[in-house]
Amino acid sequence: MPRPWWEHALRLDRRLLFVAVALAVAIPVLFPLGLPVVPGKESRDFFAALEQLQPGDVILFSFDYEADSRAEMDPMTRVVWRYCLGRGVRIIALTNYAGGPGVAEPYIELATKQLGQVYGEDVVFLGYNPDYSGTILRLGESFRATFPADQYGRSTADFPLLQRANRYADTKLIVTIAASSLAEYWTIWAHGKYDAKVIAGATAIQAVHLYPYYQTGQVSGFLGGLKGAAELERLAELPGDATRGMDSQTTGHAVIVLFILLGNVAYFAQRRRKS
Amino acid sequence: MKTTLPILFGFLVGLVMFVQYFFSHPSLQRTYNLVLDWKQIVFGMMLILGTIGLVRHHGVRIQRRERAWGYSAVTLSGLVAVILAGVGGGVQGGPYAWSFENVQSPMQSTIFALLAFYVASAAYRAFRARTVHATLLLCAGIIVMLGRVSIGEMLGFSVGDARYSLAGLSGWILDVPNLAAKRGILIGVGLGVSATALKILLGIERSYLGKGD
């Protein structure tokens, strides 16, 4: 006697599921669907904080992610750097991850080699400090004391940018692009103790933790995952990987939801039969 | 003595860090900065200890030819190669940057991307509407999954100027029930951290000293 359909569905070979997800993600890369991206309030507030910056203003940018989450985080970083440097905003960058310098390096090159910014005057990369809590708190007192030398071993006291801006109070904004709880820590310590204005980019998983801080105004705006990055690309009119990736993410999610529904229909069919 | 001195030291440092938060006397400020500098130095030392531990652990595995010792050899080779690349060619460009862009970055991205397949498989097998609670979780999960992508905006309707969509419903779930639960957890964690800090300061909580006396 042939097995009923729901038994086939409930014992589905996981490799079929893997192939379906792979196709759902890959096909829109080859044949873009051009699905709409509508910016949410959190992303609009994130962008508004960038829009308020004036030429000559200084921001602190933290690369709080490593290579594993570049697909989600790099599009956010790209837009923030291009938008800010294009408007004459100065960037002091650092990272709280050991793998962060490798992630940051292409943006230092983007600034100095492609956009013609002067290292030390328009942009500085402080590098990595292993103690994130001590680093965030100490930066509120002195950037130069926290990082006596930059990533490349040069004295930070010699940089005109760090002579101008040496603590949070000298900067207009802190931007953290974080794949972990670091966005929360920047909020708690840099905003909570030093009243610095913080905006954050987070992975889709981490973004849910930022809602309490956003509602109270401790985080002025945030981006959640690839969707947040695509919304920022749209707001800044700098379309890129996130906008293209949203098609794949949409079809990927849709396929997973269809499989979940199929599993539940099969489950109820089996239960009905047994009862 | 081995117990009393660390407790006394912890109490004094903790007290200074607590008091400085409420007063801005220059001497307290200097002490605060000094403690933060020491803290960063201690963390730097931890990195060195971690590296020594890694080398010893894998070195012993290779020496004893333990099962899968080849992986230990690969780990140590990677460590030595990256250190040599960084020290020899600098961290800007050269072999160090090349290995990050062409070895570390693709490997880490690949492992992270594999999660999508495992999540899909796990969701298919485990996400069942077996009980009321499971059904609520399932519905919320599906709404957020679809609401957080472009299709969420398309699945909706307009009444006058107002737009009602799956993306809006997803936003409400994150903004109201999720926020309420998260805030409750945060307040609980905050109270717990404060209580534990107080116990450490007063020497009631001593587990951080270890078992020995």
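Student: Which residues touch the most other members of the largest nonpolar core?

Tutor: This is a predicted model. In its largest nonpolar core, which holds 92 residues, A:I91, A:A93, A:L210 and A:F222 touch the most other members. Helix α4 (residues 70-86) of chain A gives the most to this core, namely seven residues.

Student: What makes a residue a contact of A:F222, and which residues does A:F222 touch?

Tutor: Two residues are in contact if their C-beta atoms lie within 7 Å. Leaving aside residues up to four places away in sequence, A:F222 touches A:E42, A:F46, A:I199, A:A200, A:G201, A:A202, A:A207, A:L210 and A:Y214.

Student: Which domains does the assignment give for chain A?

Tutor: The domain assignment gives domain 1 as 5-31 + 249-274 and domain 2 as 41-239. Taken over C-alpha atoms, the centres of domain 1 and domain 2 of chain A are separated by 39 Å.

Student: How many residues does each chain give to the contact of chain A and chain B?

Tutor: Chain A gives 48 residues and chain B gives 42 residues. On the side of chain B that touches chain A, the elements giving two or more residues include α2 (26-63), α4 (94-126) and α8 (177-201) of chain B. The largest share of that side, 14 residues, comes from α4(B).

Student: Why are α6(A) and α2(B) called roughly antiparallel?

Tutor: Helix α6 (residues 132-139) of chain A packs with α2(B) at an angle of about 150°, their axes being 9 Å apart. Angles over 145 degrees count as roughly antiparallel, and α6(A) and α2(B) therefore receive that description. The crossing of α6(A) and α2(B) is left-handed. In this contact, α6(A) supplies A:G134, A:T135, A:L137 and A:R138, while α2(B) supplies B:L36, B:K39, B:Q40 and B:F43.

Terms used:
Residues numbered from 1 in each chain as written. Chains lettered and ligands numbered in written order. Predicted model: local features only at pLDDT ≥ 70, side-chain atom pairs only at ≥ 80, totals over all residues. Core = buried A, V, L, I, M, F, W, Y, C linked by C-beta atoms within 7 Å. Buried ≥ 20, exposed ≤ 12 C-beta atoms within 10 Å, placed from the backbone. Helix = DSSP H or I, 4+ residues; strand = E, 2+ residues; numbered from the N terminus. Domains from an automatic or database assignment. Axes fitted to C-alpha atoms, helices over the stretch in contact; angles between N-to-C directions. Parallel < 35°, antiparallel > 145°, perpendicular 65-115°, else oblique. Left-handed = near helix turned anticlockwise from the far one by under 90°.
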